[in-house]
Amino acid sequence: MDINGKRAIVFGGTSGIGLSATQMLSDKGAHVIALSRNPEKLENVPKNVTTIKMNVLDRDALEKFFQEEGEYDILVNSATGGARAVGPFLSMDLDGYKASFDKLWGYTNVVRYGTKYLKDNGNIVLVSGSPARKCRPGQIAISSVGGAVEAFARGIAPEIAPKRINIVSPGIIDTPMSPLQGKEREDYYKNTTNNNLIPRAGTPDEVATGIIFAIENEFITGTTIDIDGGWLIS
Ligand SMILES: NC(=O)c1ccc[n+]([C@@H]2O[C@H](COP(=O)([O-])OP(=O)(O)OC[C@H]3O[C@@H](n4cnc5c(N)ncnc54)[C@H](OP(=O)(O)O)[C@@H]3O)[C@@H](O)[C@H]2O)c1
């Protein structure tokens, strides 16, 4: 797909991986709408980008948004959705475990309401995460959610063809998702990646190039692209 001149909608497009994807789409000449709950936090809005306030869990607002926007070409969703529970399952607060699935509901909501208006040669990219297929200690909640996201994409790909849907699965990426600062932040990324084949955190741009690849390559659908520093085989 030639991105130049296309209409792209990026949920979670105001921070981290989604913001990098928004920037790259805009650099390639797309007209981008970037949505999140607090888009006003984004200080330098890239050119060709409009920001809109939206909660991916608000189904009525999503339905209205897609109706009003009409036809478009590219849908990306990298919104975290809400809270993420961390820790072993047997001692985990079950409401926290359940709340982690808000990411899945955000993804399924936008696919449900947005696919109708996606052009036939258009495509969707969702973001899962390496724990989906290799769960390390404490990651049972995000592993369960990531697995569900990947199964959802594989399952719905035949239903929406010829429209395409793919997943990008990041490893540990240095984004504003982590609130840690300074030395604590540095130590966190060092400790969580030191056993990987590429022992460092990835950058949002490294993941966004995978999103762009999934958009541009018209011969892939229902698949997952891993951008994880070798997490799965480390
Ligand atoms: N960073 C990592 O290490 C890593 C690893 C594996 C997978 N991932 C996945 O990659 C995706 C992107 O993560 P990131 O690191 O780029 O996070 P991030 O920097 O925190 O960005 C998340 C974006 O999602 C938006 N968002 C969150 N909940 C939303 C909601 N309910 N409705 C609308 N927008 C919402 C946020 O804006 P508002 O808060 O303003 O709504 C923000 O724009 C997520 O799915 C995450 O699970 C990240």
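The conversation below walks through the sheet, helices and loops of a predicted model.

User: What is the strand order in the sheet?
Analyst: The sheet is open and has seven strands, in the order β3-β2-β1-β4-β5-β6-β7, with parallel pairing.

User: And which strands stand at the edges?
Analyst: Those are β3 (49-53) and β7 (224-227). Each has a single partner strand, so one side of each is left without a neighbour in the sheet.

User: What does the twist average?
Analyst: From one strand to the next, the average twist is 20 degrees.

User: Let us look at β1. How many bridges join it to β4?
Analyst: Four bridges join β1 (residues 7-11) to β4 (residues 72-77), and the two strands run parallel. Within this pairing, Ile-9 has Leu-75 of β4 as its bridge partner.

User: How many bridges are there between β1 and β2?
Analyst: There are five bridges between β1 and β2, again in the parallel sense. Here, Ala-8 stands opposite Val-32 in β2.

User: Is β1 enclosed or left open, and why?
Analyst: β1 is largely enclosed by the rest of the structure, because four of its five residues are buried. A residue is called buried when its relative accessible area is under 20%.

User: Where do the side chains of a regular strand go?
Analyst: In a regular strand they alternate between the two faces of the sheet.

User: Now the helices. Which strands does α2 lie across?
Analyst: Helix α2 (residues 59-69) lies across β1, β2 (31-36), β3 and β4. Its direction is at about 165 degrees to that of β1.

User: Which strands does α5 touch?
Analyst: Helix α5 packs on the sheet and touches β5 (118-127), β6 (164-170) and β7. The direction of α5 makes about 165 degrees with that of β6.

User: How do α4 and α5 sit relative to each other?
Analyst: The axes of α4 (residues 102-114) and α5 (residues 140-160) come within 9 Å and cross at roughly 20 degrees. Angles under 35 degrees count as roughly parallel, and α4 and α5 are therefore roughly parallel to each other. The crossing of α4 past α5 is right-handed.

User: Which residues meet there?
Analyst: From α4, Lys-103, Leu-104, Tyr-107, Thr-108 and Val-111 take part, and they meet Val-145, Ala-148, Val-149, Phe-152 and Ile-156 of α5. By type, the residues of this contact divide into eight nonpolar, one polar and one charged.

User: At what angle do α2 and α4 pack?
Analyst: They pack at about 35 degrees, with their axes 9 Å apart. This crossing is right-handed. On the α2 side the contact is made by Arg-59, Leu-62, Glu-63 and Phe-66, and on the α4 side by Asn-109, Val-110, Tyr-113 and Gly-114. The residues of the contact of α2 with α4 comprise four nonpolar, two polar and two charged.

User: Changing topic to loops: where is Pro-162?
Analyst: Pro-162 lies in the loop between α5 and β6. The peptide bond from Ala-161 to Pro-162 is cis, with omega near 10 degrees.

User: And what is phi of Asn-48?
Analyst: Phi of Asn-48 is near 65 degrees, which is a positive value in a residue other than glycine. Asn-48 is placed in the loop between β2 and β3.

User: Does Asn-48 count as buried, partly exposed or exposed, and why?
Analyst: Asn-48 counts as partly exposed, because its relative accessibility is 35%. The partly exposed class falls between buried, under 20%, and exposed, over 50%.

Definitions and conventions
Residues are numbered from 1 along each chain as its sequence is written. This is a predicted model: local features need pLDDT of at least 70, side-chain atom pairs count only at pLDDT 80 or more; totals for chains, interfaces and linings use all residues. Side-chain values use heavy atoms; hydrogens and water are left out. Axes are lines fitted to C-alpha atoms, for helices over the stretch in contact, and angles run from 0 to 180 degrees between N-to-C directions. Angles under 35 degrees count as roughly parallel, over 145 as roughly antiparallel, 65 to 115 as roughly perpendicular and the rest as oblique. A crossing is left-handed if the near helix is turned anticlockwise from the far one by less than a right angle, and right-handed if clockwise. Contact means heavy atoms within 4.5 Å. Ala, Val, Leu, Ile, Met, Phe, Trp, Tyr, Cys and Pro count as nonpolar, Asp, Glu, Lys and Arg as charged, and the others, Gly among them, as polar. Two strands pair if DSSP finds at least two bridges between them. Buried means under 20% relative accessible area, exposed over 50%, partly exposed in between (1.4 Å probe, protein chains only).
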